[in-house]
Structures are given as structure tokens and as C-alpha cells.
Amino acid sequence: SRWEEEKKEDGVKWMQLEHRGPYFVPPYEPLPTDVQFYYDGKPLKLSLATEEIATFYAKMLDHEYTTKKIFQNNFFHDWRKEMTSEEQEIIKDLDKCDFGEIHKYFVDKNEARKALPKEEKQKLKEEADKIQEEYGYCILDGHREKIGNFKTEPPGLFRGRGEHPKMGMLKKRIMPEDVIINCSKDSKIPEPPEGHKWKEVRFDNTVTWLASWTENIQNTMKYIMLNPSSKLKGEKDWQKYEVARRLKDVVHTIRAQYRKDWKSKEIKKRQRAVALYFIDKLALRAGNEKEEGETADTVGCCSLRVEHIQLHPQLDGQEHVVEFDFLGKDSIRYYNKVSVEKPVFKNLQLFMKNKDPSDDLFEHLSTTFLNKHLQDLMDGLTAKVFRTYNASITLQEQLKALTNPEDNVAGKLLSYNRANRAVAILCNHQRSIPKTFARSMQVLQEKIDAKKKQVEEAQEEVKKAEDEIKDTKDAKAEGNVEKKKKLLKRLEEQLARMNIQATDKEENKQIALGTSKLNYLDPRITVAWCKKFGIPIEKIYNKTQREKFAWAIDMAGEDFEF
């Protein structure tokens, strides 16, 4: 299979790479003259650059972000920097700015696009397909491979996740002068757009990206990569899970070792052992992996401070409870109360002794020191491998415990989502409740009520038909009863399916299942489960996901064990 073609020498990812370079976002189109911006009640004509940034804010008026003080302040600060000196003289207060007309213009434009006749929509689709054909593929070692994200990100306002301190800042337009191109020396080097030149052209076959640039908010590198369905990505994915499977064979030894280290004479070893226990038991991230220029006060296991945990000898009927409360990756809050083993509790008391709330809990520990230790325990082992291992093993165990072979497809899928949810909770993958949640739940409830009524009516009909038989005893009446019973059964099944859907929706409203499904769960576990219980794979993975996991669908039989 193409996943197992001949291997290249170490570090070399490809011999040939040819592509068209990124597709740049079209230039800004000015607003029509009758759509105006108002300042302090009076219309004000804005310069082109200022107007473009005003449209970013106007488009977001009905979003919760624009109600947040920090978003407003960051936006206004960055917007003023781009204004002409005349505009800066006039526009001094965001509260006096009226973006209403601009907002309405974009809402109407959006509605008009949705209402386009079928032929017009088809035309737009064809144009998009043409761009995809031209920019969306590359030649890699003779294979035509799909590129993941071949378009540069459009300019706009940074949102960030959680309560990100940089929300509202201006994401600038990416120009060819910002972009580094990577391809093979003998390939046709991509042409920059007319009148522009690339920042640099490289021929580096030890990396898999095709183009890169630095974005201006976090100063991080952004890359154009191959699509997840490509051979290179598939191999990388497969190797990632194979490393996690290797951990399964040594995890007992590792656990015995860190338990022993809880009693070590060296405080450094004790701290490492307690941190490793958290990483293993709670799937915490290691921490210290902050991007350059990241100002959010986010922490991981190694960078926890005294203020992030509270110790309770007893709480809610449990002993030795640690209460965690801190901001993790992407400013997502991690809050958890966990009963830990007694030596862990005692050690934490020791680590917190005579310290201020802002002091490090593990002052003798760094991610580098921890990862070096993990590497010594097993080749390729990092804190992230623990997350992948624990997530995958949890899914496998939960599926075994929750799947009832007698259930219908809907019932089995509910069990699958519950197993996936157990993993998402372990990994702290949250989302805010969708804006449309209440309304869509209400619609579903109305459908359930209507269906209940149909079931009740069908039950009445069956009863009536059965009474008729008693009177007439003819074959036609018996046939009628069978027909009514079949209808009742179908309606009852539909009602049961709807009830399952409602349960699933409610349990899922604050949990993000996607992250673990795509990044932490060995897809072979899911493929094997689907094959074993006769569940169509498309009920769990959409088309894109099936392409990403083609290697797993190819490889795993129903008896695959992680």
C-alpha cells in the first residue's frame, strides 16, 4: 500500500516538490458611496485603509466579542495607528462611532448570496474549483498530492480562544514580500503576483511545508502544508500512534518508577515524579511551550504556581483532594477536583511550604528536564505521547464498557459519543455553548412532542383495529391490525431516535469532541469498532476525516487492539 512505500534516508522528507505558491486574498473592495460611517452622529468619509479596518469591526457587531472591553480597546488602538493624521484628530472615542450602516450592508450582502439562484451558486462553485485546481495541488515525488490550506489568511481582527489578552488586535494582510517559498531546486519555481517578489526561496527537503510567513499578532510562523490525506501526513499520523502504542508496554514500569521517586531524597526527583503523575493521571500538558510574544498568563503542569492549586484533606466525602484552577493552552480554564494518592498529597504540602501564591509549585522542574527523563525511559516519549496514549486507551475501554451489541445504530452511536466525551473531558476540550443551542433544542423538542402525539394516535388505532377483529374475525381485519402495528413500531423507533439525539445534544453542549477525535485518538480503534458492530464509518468520520484517516481504514480489521 502507498503508506508502506520505500523509506528515504533519515531526515529527508521528499526528493521532488513543485507547486504554485499560496493563493492571496483578493484586494479590498471599497464600500458603495451610499453606505456611510458616522462619527458623533455625522457622516464621515474614511480613507481606504481606515475604512477596510472599520468593516472588520462592523461585520462582528452581532458577535459577543465586540461587547468585551479588551476587544474594543485593542481594536481601537490598532485602528487609530492605521488612520491618517486628519482622521486621528477627529476619531477619538469608539463610543461615538456608528458602524450600523456598514453592518447592515454586509448582513444584506450575505442574505443576497444565500438567496442566489442555483445557476449563480453553481457559477461561484466552478470559480472556486478552478482556484483549487490551480493552487490546491502539488507534485511530491511524482505523486499529485492535495495541499491543506493553500490560501493566505484574510486580514481581520484577532479573536483568540478563551479570554485572550490580544483579542481585537489587527491581523494584517499577508503580502508576497512576507512569504518564504520552499520547493525543489529543479522544479518550476512559483511566480509571485505581478509587481511583487517573494521574501525568500528555499530548497529544504528536511521539512514538509511549501510556504511560510510570520503572522503579526503572536509573531508565530504560519505554514502551508500538505492536506491531511496526503501520504506524508498519513505516515506521520500513523507513526505518532505507534509511539503511543509502544508506551503501553512500558507504562507499568514508568508508573512503578515515579511512585518510588515520591520518596526520593532529592526534591528535584520528587517534583518530577509528582508532575509526571499529573501528566499521566490527568492528561495535563507539560507547559512551558508558550509561543514567543504570547502574553496570556497560561500554564501547564511544569509551570503551575502555588495559587493554582488548593489542598483539601477531605472534601465531598473524598480524601486527599487537590483542587486545580488555572488557564491552560489557548486561555481555556482548567478546573478540576481530584482525589490523589496520599504520598502525592504529602509531597504537595511540602512543595507549598513557606511559599507565596505567585511562587512556582515545581521550582526545580523544567519541561526540558522532564522531557529528557521521559526520553531516557522510552525513545520518543514526551508528555504529549501520554495524552495520546491515555486518550486512546480511554476510548477503547469506554467503547468496550458502553457498547451494547443489541442496540440499534442510533443507540451504538450514542455510546460512541459518550466514549469520545469521556476523552474530551479527560483532555479538557471545552467549547462555549453555541449561540443557536437553545433554539435548535427547542425545535427538536417540538418535533419530539409532535412525534409523541403521532405514537399515541397510532396506539389508539391499533387498539381500535384489535377490537374490530373480536367482532368480525375476518382476514382483512387481521391484515389491518398488522399494518397498524408496523406503523406504530416505525413511529416508536423514530421517537426513540429523536430522544437519543436530544440526550446527545444536551450532553455535548459544552464539550468539543472534534479535537480529540482528530488529534489524540488512534483512528484504528474507531475503524475496528465500526467494522465489528456493522456501523457505517461515515456515521463517525465525515469525508475530510475519512481522507485524513485513509491509512487507518486500510489497515485496521475488527479485532485491532490499541
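Reader: Why does Asp78 count as buried?
Author: Its relative accessibility is 8%, and the cut-off for buried is under 20%, so Asp78 gets that label. This is a predicted model, by the way. As for where Asp78 is, look in helix H2, residues 69-82.

Reader: Which residues does Asp78 touch, leaving out those up to four places away in sequence?
Author: Met169 and Leu170.

Reader: What is Arg421 in contact with, once neighbours within four places in sequence are set aside?
Author: Asp504, Glu507, Asn508, Ile511 and Leu513. Each has heavy atoms within 4.5 Å of Arg421, because that is what contact means here. Ser440 is another residue to look at: 19 residues along the chain from Arg421, with 21 Å between the two C-alpha atoms.

Reader: Now the cysteines. How do you know how many disulfides the structure holds?
Author: A disulfide needs two cysteine sulfur atoms within 2.5 Å, and by that test the count is 0. Take Cys138: the nearest cysteine sulfur belongs to Cys183 and is 11 Å away, so Cys138 is in no disulfide. For Cys301, the nearest cysteine sulfur is that of Cys302, at 5.5 Å.

Reader: What makes the phi of Asp40 worth a look?
Author: Most residues other than glycine have a negative phi. Asp40 is not a glycine, yet its phi is positive, at about 55°. You'll find Asp40 in the loop between strand S2 (38-39) and strand S3 (42-43).

Reader: Why is Asp40 called partly exposed?
Author: The value is 45%. Buried stops under 20% and exposed means over 50%, so 45% falls in between and Asp40 is partly exposed.

Reader: Where is Asp141, and what is its phi?
Author: Asp141 is in the loop between strand S5 (137-140) and strand S6 (143-146). Its phi is near 45°, a positive value in a residue other than glycine.

Reader: What about the second largest cavity?
Author: That one holds about 30 Å³. Among the residues lining the second largest cavity are His19, Tyr135, Phe150 and Ile224. Its lining has 7 nonpolar, 2 polar and no charged residues.

Reader: How big is the second largest pocket, and which residues are closest to its centre?
Author: About 1200 Å³ of space lies in there. Of its 33 lining residues, Lys59, Phe106, Lys109, Arg113 and Pro154 are closest to the centre. By class the lining splits into 16 nonpolar, 6 polar and 11 charged residues.

Reader: Which element gives the most to that lining?
Author: H4, with 8 residues. Helix H1 (48-59), helix H4 (100-114) and strand S7 (156-157) each supply at least two.

Reader: Which domains does the lining of the second largest pocket draw at least three residues from?
Author: Domain 1 (17-25 + 125-228) and domain 2 (37-119). The chain's division also includes domain 3 (233-380) and domain 4 (391-555). The C-alpha centres of domain 2 and domain 3 lie 45 Å apart.

Technical notes
Residues numbered from 1 in each chain as written. Predicted model: local features only at pLDDT ≥ 70, side-chain atom pairs only at ≥ 80, totals over all residues. Heavy atoms only, no water. 1 Å grid on protein atoms, 1.4 Å probe; cavity = no way out; pocket = protein on both sides within 12 Å on 5 of 7 lines; lining within 4 Å. Points joined across faces, edges and corners; volume = space filled by probe spheres on them. Helix = DSSP H or I, 4+ residues; strand = E, 2+ residues; numbered from the N terminus. Nonpolar A, V, L, I, M, F, W, Y, C, P; charged D, E, K, R; others polar. Domains from an automatic or database assignment. Buried < 20%, exposed > 50% of the residue type's maximum accessible area, 1.4 Å probe, protein only.
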